[in-house]
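Subject: Structure for you to look through

Hello,

Here is the structure I said I would pass on. Please look at it first, then read the notes below it.

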Amino acid sequence: QVQLVESGGGLVQAGGSLRLSCAASGRTFSTYTMGWFRRAPGKEREFVSAVDWGDRRTIYADSVKGRFTITRDGAQNMVFLQMNGLKPEDTAVYYCSARTVGAATPNSWDYDSWGQGTQVTVSS
């Protein structure tokens, strides 16, 4: 449905910050709900954050609320995840996702398209 490419991952010390970016293709990007998920080693994929199209309502996992902020720039076909106060437990591969129909949701199965992921490593 949409092509997604993440960037911005890297290695950072605990307490540091990173901003992840996701570039989406298509002139209809602004109508997609966009989400971020992550998968830590040995763990299942978990929800991080999502943002609606239209009213741009946002939702967050409890584990990141107050530290992470999701935003989108429809004109640039981009969605971002600003991550502050990073903790070692945030270490994971982070995936950008798109839902072509429907509102923001924490359920991975509701999303239609996925990027390849970008590695975030937080050292102690």
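**What was found**

Ser 108 is found in the loop between β9 and β10 (113-114). Strands here are DSSP runs of E with at least two residues, helices are runs of H or I with at least four residues, and both are numbered from the N terminus. Leaving aside neighbours within four places in sequence, Ser 108 is in contact with Phe 37, Arg 45 and Trp 114, where contact means heavy atoms within 4.5 Å. Ala 14 is 94 residues from Ser 108 along the chain, and the C-alpha atoms of the two are separated by 27 Å.

Before going on, note that this is a predicted model, in which local features need pLDDT of at least 70 and side-chain atom pairs count only at pLDDT 80 or more, while totals for chains, interfaces and linings use all residues. Residues are numbered from 1 along each chain as its sequence is written, and side-chain values use heavy atoms, with hydrogens and water left out.

**The whole chain**

The protein has zero helices and 11 strands. From the N terminus on, its elements run β-β-β-β-β-β-β-β-β-β-β. The radius of gyration is 13 Å, close to the 14 Å that the globule rule gives for 124 residues, so the protein is as compact as a globular protein of that length. That radius is taken over C-alpha atoms, and the globule rule is 2.2 Å times the number of residues to the power 0.38. Along its principal axes, the C-alpha trace spans about 40 × 25 × 25 Å.

Of the 124 residues, 44% count as buried. Buried means under 20% relative accessible area, exposed means over 50%, and partly exposed is in between (1.4 Å probe, protein chains only). The protein exposes about 6,300 Å², and carbon and sulfur atoms supply 47% of that area. These areas come from the Shrake-Rupley method with a 1.4 Å probe; for residues, only the protein chains shown count as cover.

Among contacts between residues at least 6 apart in sequence, 59% join residues at least 24 apart. The protein has 13 positive and 11 negative charges, and their mean positions are 2 Å apart. For this count, Lys and Arg are positive and Asp and Glu are negative, with His and the chain ends not counted. The place of a charge is taken as NZ of Lys, CZ of Arg, CG of Asp or CD of Glu.

**Salt bridges**

How many salt bridges does the structure hold? There are four, a salt bridge being a side-chain nitrogen of Lys or Arg within 4 Å of a carboxyl oxygen of Asp or Glu.

Arg 38 takes part in a salt bridge with Glu 46, at 2.7 Å from N to O. Arg 38 is buried, with a relative accessible area of 4%, whereas Glu 46 is partly exposed at 34%. Arg 38 also forms a salt bridge with Asp 90, where the closest N and O atoms are 2.9 Å apart. This pair links distant parts of the chain: Asp 90 is in the loop between β8 (78-83) and β9 (92-99), and Arg 38 is in strand β4 (residues 33-39), 52 residues apart. Both Asp 90 and Arg 38 are buried. Arg 38, Glu 46, Arg 67 and Asp 90 are linked in a network of salt bridges.

Arg 57 forms a salt bridge with Asp 52, and the closest N and O atoms are 3.1 Å apart.

**A few other residues**

Arg 56 lies in the loop between β5 (46-51) and β6 (58-60), and is partly exposed with a relative accessible area of 44%. Its phi is near 55°, a positive value in a residue other than glycine. Most residues other than glycine have a negative phi.

Gly 26 lies in the loop between β3 (18-24) and β4. Met 78 lies in strand β8 and is buried, with a relative accessible area of 18%.

Regards
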